[in-house]
Amino acid sequence: MIAPDSAEPARSERPARADARRNREKLLAAARAAFAASGGAAPLDAIAREAGVGIGTLYRHFPTREALVEALYAAELDAVVDSAPALLADLPPEAALRAWVERYAAFCAAKRGMSDTLRAGWAAGTIATPATRERITAAIALILDAGVRAGDLRADVEAGEITLMLLGVFLSTTAVNCPEKTARLQDLVVDVLRPSSA
């Protein structure tokens with residue numbers, strides 16, 4: 001008699017945790033789209049509506065706009081960094097690098113929509129400063145090392161140099177807002193990384 005009663009709360013808690021995770025993911029997806037479309041000016045109630053939840057649910061997960069932006073930035077950074085080994089598992093190193101650069105470009109574009117809130121939060125200490133450049137450079141190093149071993153990528157280039165080149169591309173094309181030009185410059189970065197005999 002006691003065992004079924006004690007087991008019952010565990011059964012009722014599991015769906016709530018799953019629902020909470022789903023709601024959090026829906027909120028992050030809605031925020032990602034809203035910030036990209038509005039340059040970061042999207043109202044929180046609009047994000048909640050787009051996610052199909054109430055504003056109270058949003059505030060339970062993210063008590064402030066800064067908390068939402070911080071969580072979204074962290075999730076996007078994790079996704080771009082984690083994509084490097086996944087791409088290497090499916091593609092040759094040079095193709096993995098080009099696909100990863102495209103993913104990194106999308107991350108940088110999404111970050112632009114959050115940049116004002118991120119900068120203010122970092123300056124005030126209300127948002128933790130992530131080791132973004134270090135993590136991005138580590139992901140590039142993983143692909144670069146595989147490319148060097150395969151003979152597809154140059155051995156005389158450091159991952160940090162590639163990070164700087166890509167940042168230069170993304171910063172210089174922000175004002176232009178020309179996807180074709182950005183893609184062309186990304187191709188040129190990858191071209192430069194091929195061994196001269198290739």
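Trainee: Which residues of α6 are buried?
Mentor: In this predicted model, the buried residues of α6 are T132, I136, T137, A139, I140, I143, L144, A146 and G147.

Trainee: What span should α6 have, and how far apart are its end C-alpha atoms?
Mentor: At 1.5 Å a residue, the 19 residues of α6 should span 27 Å. Its end C-alpha atoms are 27 Å apart, so the two values agree.

Trainee: What follows α6?
Mentor: The residue G151 follows α6, and its phi is positive, near 80°.

Trainee: Let me step back to the whole protein. How many helices and strands are there?
Mentor: The secondary structure comes to 8 helices and 0 strands. Along the sequence, the pattern reads α-α-α-α-α-α-α-α.

Trainee: And how much of the protein is buried?
Mentor: Of its 198 residues, 36% count as buried.

Trainee: Now α4, please. Which of its residues are buried?
Mentor: The buried residues of α4 are L68, V69, A71, L72, Y73, E76, L77, V80, V81, S83, A84 and L87.

Trainee: Where is the kink in α4?
Mentor: The kink lies at S83, shortly before the proline P85, and amounts to about 30°.

Trainee: What about the span of α4?
Mentor: The 26 residues of α4 should span 38 Å at 1.5 Å a residue. The end C-alpha atoms of α4 are 37 Å apart, which agrees.

Trainee: How does α5 do on that test, with its 32 residues?
Mentor: A straight helix of 32 residues would span 46 Å at 1.5 Å a residue, whereas α5 spans only 40 Å between its end C-alpha atoms.

Trainee: Where does α5 bend?
Mentor: The bend in α5 is at M114 and comes to about 65°.

Trainee: Which residue comes after α5?
Mentor: That residue is G125, which has a positive phi near 80°.

Trainee: How are α4 and α5 placed relative to each other? What do I look at?
Mentor: Two packed helices are described by the angle between their axes and by the distance between those axes. For α4 (residues 65-90) and α5 (residues 93-124), the axes come within 9 Å and cross at roughly 170°. The two helices are therefore roughly antiparallel, since an angle over 145 degrees counts as such.

Trainee: What classes of residue make up the contact of α4 with α5?
Mentor: The contact has 19 nonpolar, 2 polar and 5 charged residues.

Trainee: How far is R103 from S83 in space?
Mentor: Their C-alpha atoms are 8.1 Å apart, and the two residues are 20 residues apart in sequence. R103 is found in α5, while S83 is the site of the kink in α4.

Trainee: Is R103 buried or partly exposed?
Mentor: R103 is partly exposed, with a relative accessible area of 24%.

Trainee: Switching to charges: how many salt bridges are there?
Mentor: The structure holds 10 salt bridges. Side chains of opposite charge can pair when their charged atoms come close.

Trainee: Which residue pairs with D78?
Mentor: D78 forms a salt bridge with R135, and the closest N and O atoms are 2.9 Å apart. D78 lies in α4 and R135 in α6 (residues 132-150), so the pair ties together parts that are 57 residues apart in sequence. D78 is partly exposed at 33% relative accessible area, and R135 is partly exposed at 29%.

Trainee: And which residue pairs with D187?
Mentor: The partner of D187 is R98, with 2.5 Å between the closest N and O atoms. D187 is partly exposed, with a relative accessible area of 32%.

Trainee: What else is in α8?
Mentor: A183 is found in that helix, and at 25% relative accessibility A183 counts as partly exposed. The C-alpha atoms of A183 and E102 are separated by 7.9 Å, although these residues are 81 residues apart along the chain.

Trainee: What does D191 pair with?
Mentor: D191 forms a salt bridge with R194, the closest N and O atoms being 2.3 Å apart. Both count as partly exposed, D191 at 35% relative accessibility and R194 at 31%.

Definitions and conventions: Residues are numbered from 1 along each chain as its sequence is written. This is a predicted model: local features need pLDDT of at least 70, side-chain atom pairs count only at pLDDT 80 or more; totals for chains, interfaces and linings use all residues. Side-chain values use heavy atoms; hydrogens and water are left out. Axes are lines fitted to C-alpha atoms, for helices over the stretch in contact, and angles run from 0 to 180 degrees between N-to-C directions. Helices (H or I, at least four residues) and strands (E, at least two) are DSSP runs, numbered from the N terminus. Angles under 35 degrees count as roughly parallel, over 145 as roughly antiparallel, 65 to 115 as roughly perpendicular and the rest as oblique. Ala, Val, Leu, Ile, Met, Phe, Trp, Tyr, Cys and Pro count as nonpolar, Asp, Glu, Lys and Arg as charged, and the others, Gly among them, as polar. A salt bridge is a side-chain nitrogen of Lys or Arg within 4 Å of a carboxyl oxygen of Asp or Glu. Buried means under 20% relative accessible area, exposed over 50%, partly exposed in between (1.4 Å probe, protein chains only). The expected span of a helix is 1.5 Å times one less than its number of residues. The bend at a residue is the angle between axes fitted to the seven residues ending there and the seven starting there.
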